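The stops below are given in the order in which they may be selected.

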Amino acid sequence: MGRAFEYRKASKLKRWGMMAKVFTRIGKDIVMAVKAGGADPQNNSRLRAIIQNAKAANMPKENVERAIKRAISKDQEDYKEIVYEGKGPHGIAILIEATTDNTNRTVANVRSYFNKLGGSLGTSGMLDYLFDRKCLFKIANEGIDLEELEFELIDLGGDEVFLDDETNEINIYGEFSAFGAIQKFLEEKGYELKGAEFTRIPTELKELSEEEMAEVDKLIERLEEDDDVQNVYTNMK
């Protein structure tokens, strides 16, 4: 699961292109975290994790501080987190996570992308069973015994621990509900946290030809260009 998914993740990040789009997504995550748990990172574990993600993306400190101030402002609209499900070209399952202050705008945009690029937007719950929700942590590789770390994490809900050869970071996958427990464990152990997020892993992959994959990628790229879209997942191999 791990290495294949990381390759897919890297491809997605590359497609995002302009860092401003990444900063917009992280900024929304910060707003959501602050509204849910407060503006003090010391007392808000989710916010601490997102700030680490911002550092990993080279997001300027002033951008982070601006997002926190915006979150506590009375003028800040509340964001809603919505999951859209649809079928792309050649029957590929696509899940879209969006964060929006205007659901009518977002659903209209998402539907138009599917319609124009050979897919169809479905109903809630239609495809969710094809993906497992997981949490993912990245920590610095500081001579840690991976087998011992994986053993320690099993009781906390950890699934898989492996070293990413390209980034030389240790990746840790766990159950969706284990995010808080794993984060607390890593912080108490003093490991250097490089990033943390929730993700979705397809339970089985569908293989396409290069030409078919190119058609699906056009739809994925268009979805990811939308400012309301946070993440896009597929079961394409």
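How many salt bridges are counted between domain 1 and domain 2? The count is one salt bridge, a salt bridge being a side-chain nitrogen of Lys or Arg within 4 Å of a carboxyl oxygen of Asp or Glu.

This is a predicted model, in which local features need pLDDT of at least 70 and side-chain atom pairs count only at pLDDT 80 or more, while totals for chains, interfaces and linings use all residues. Residues are numbered from 1 along each chain as its sequence is written, and side-chain values use heavy atoms, with hydrogens and water left out.

**Stop 1: the domains.** Colour domain 1 (4-72), domain 2 (80-129 + 203-234) and domain 3 (131-202) separately; the bounds come from an automatic or database domain assignment. The centres of domain 1 and domain 2, taken over C-alpha atoms, are separated by 22 Å. Eleven residues from domain 1 and 15 residues from domain 2 take part in their contact, where contact means heavy atoms within 4.5 Å. Between these two domains about 1200 Å² is buried, 41% of it from carbon and sulfur atoms; buried area is the accessible area (1.4 Å probe) that two parts lose on being put together, summed over both.

**Stop 2: Lys28 and Asp228.** Select this pair next: Lys28 forms a salt bridge with Asp228, and their closest N and O atoms are 3.2 Å apart. Then show helix 1 (2-16) and helix 2 (19-37), each of which supplies at least two residues of the side of domain 1 that touches domain 2. Helix 2 gives the most to that side, with six residues. Helices (H or I, at least four residues) are DSSP runs, numbered from the N terminus.

**Stop 3: Asn53.** Move to helix 3 (residues 45-56), where Asn53 is found. Asn53 counts as buried, at 18% relative accessibility; buried means under 20% relative accessible area, exposed over 50%, and partly exposed in between (1.4 Å probe, protein chains only). Display Ile26, Gly195 and Ala196, which Asn53 touches when residues up to four places away in sequence are not counted. A polar atom of the Asn53 side chain lies 2.6 Å from the backbone oxygen of Ala196.

**Stop 4: Thr103.** Finish in helix 5 (residues 103-116), which contains Thr103. Thr103 is partly exposed, with a relative accessible area of 28%. Leaving out residues up to four places away in sequence, Thr103 touches Lys80, Ile82 and Tyr84.

Key:
A polar contact is a pair of N or O atoms within 3.5 Å; within protein, one must be able to donate a hydrogen and the other to accept it, and residues adjacent in sequence count only if both atoms are side-chain atoms.
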